[in-house]
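Here is a short briefing on one protein model. Look through the sequence and the structure first, then read the points below.

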Amino acid sequence: GPARQIELGGGADLLAGGGTIETSSEAVDLVLSSPIRSGNSTLELRIRTRLFLAGTTFKAKLLSRDRPGVVQEVSAGDAVSHIASQRMVVITDLDRGRLLQNLRVDPVVVTPNGDGINDETTFSFSIFQLRGTQRPIAELFDLTGRRVRQLPATATQPSGSHRIVWDGRDEAGQIVAPGVYLVRVEVEIDARRRASVTHLVHVAY
């Protein structure tokens, strides 16, 4: 997530006196409780985030509650003439990792008995460096290899963080039998290739 530090002068945290950081899948909004009145001081904004695609474009804009509808776009280049080091630096290791990573099952034991405790489990994973409209899917299999459920992700693009929820039921809406199941998360790379990861999930009741 974003680093909670907006520096002014010696590095004072401008959010300490109020304000919020709001995040979504496409943006980070920094909402300050009061205007910044810094004279000729330089404001430095640092944001730490995960990068899923090379060639990602970063954009920024400023808005004021006092002037709704007026948007100031942030342009590339030096902010001030006496500091020549104003630039954006992105450090990434996208080329080193696998395309489909970090599959987590939480909780690993599902108890779909309707008591509100562990009735569902969530499959979380990340996809990097994949463009297109294909959607990843999670498939559940019993230990005989029979598929009991297929769940597509809801995201409109493959790269990014994904979460798929399983309620312990099969395609017919019936609760599956207690036991060990295999979840396979898969995404299509092209017409001939697919990437997949697997994890065990337990059902008990």
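This is a predicted model: local features need pLDDT of at least 70, side-chain atom pairs count only at pLDDT 80 or more; totals for chains, interfaces and linings use all residues.

Valine 110 stands opposite valine 203 in E14. Residues are numbered from 1 along each chain as its sequence is written, and side-chain values use heavy atoms, with hydrogens and water left out.

**Confidence**

- The protein has a mean pLDDT of 80; pLDDT is the predictor's confidence in each residue, from 0 to 100.
- A value of 70 or more is reached by 71% of the residues.
- Among the elements, strand E10 (residues 137-141) has the highest mean pLDDT, 97. Strand E1 (residues 6-8) has the lowest, 45.
- Over residues 1-9, pLDDT stays under 50. The model has 38 contacts for this stretch beyond four places in sequence; contact means heavy atoms within 4.5 Å.

**The sheet**

- Five strands form an open sheet with mixed pairing: the 5 strands have the order E8-E14-E13-E10-E11.
- E8 and E11 stand at the edges, and each has a single partner strand, so one side of each lacks a neighbour in the sheet.
- Strand E8 (residues 109-110) pairs with strand E14 (residues 194-203) in the parallel sense, over 2 bridges. Two strands pair if DSSP finds at least two bridges between them.
- Valine 109 stands opposite histidine 202 in E14.
- Strand E13 (residues 179-188) and E14 run antiparallel, joined by 10 bridges.
- A hairpin of 5 residues links E13 to E14.
- Valine 203 in E14 also has glycine 179 opposite.

**The nonpolar core**

- The largest nonpolar core holds 24 residues. Such a core is a set of buried Ala, Val, Leu, Ile, Met, Phe, Trp, Tyr and Cys residues joined through side-chain atoms within 4.5 Å.
- Phe123, Leu140, Trp166 and Val185 have the most contacts inside this core.
- Elements giving two or more residues to this core include strand E7 (100-106), strand E9 (121-127), E13 and E14.
- Tryptophan 166 is in contact with Phe123, Leu140 and Val203, among others, leaving aside neighbours within four places in sequence.

**Serine 159**

- Serine 159 is found in the loop between E11 and E12.
- Its relative accessibility is 11%, so serine 159 counts as buried. Buried means under 20% relative accessible area, exposed over 50%, and partly exposed in between (1.4 Å probe, protein chains only).
- A polar atom of the serine 159 side chain lies 2.6 Å from the backbone oxygen of leucine 130.
- Beyond four places in sequence, the contacts of serine 159 include Phe52, Leu53 and Ile127.

**Glutamate 186**

- Glutamate 186 sits in strand E13.
- Glutamate 186 is buried, because its relative accessible area is 13%.
- The side chains of glutamate 186 and arginine 194 make a polar contact (3.4 Å). A polar contact is a pair of N or O atoms within 3.5 Å; within protein, one must be able to donate a hydrogen and the other to accept it, and residues adjacent in sequence count only if both atoms are side-chain atoms.
- Glutamate 186 and glutamate 139 are 47 residues apart in sequence, and their C-alpha atoms are 8.1 Å apart in space.

Technical notes
Helices (H or I, at least four residues) and strands (E, at least two) are DSSP runs, numbered from the N terminus.
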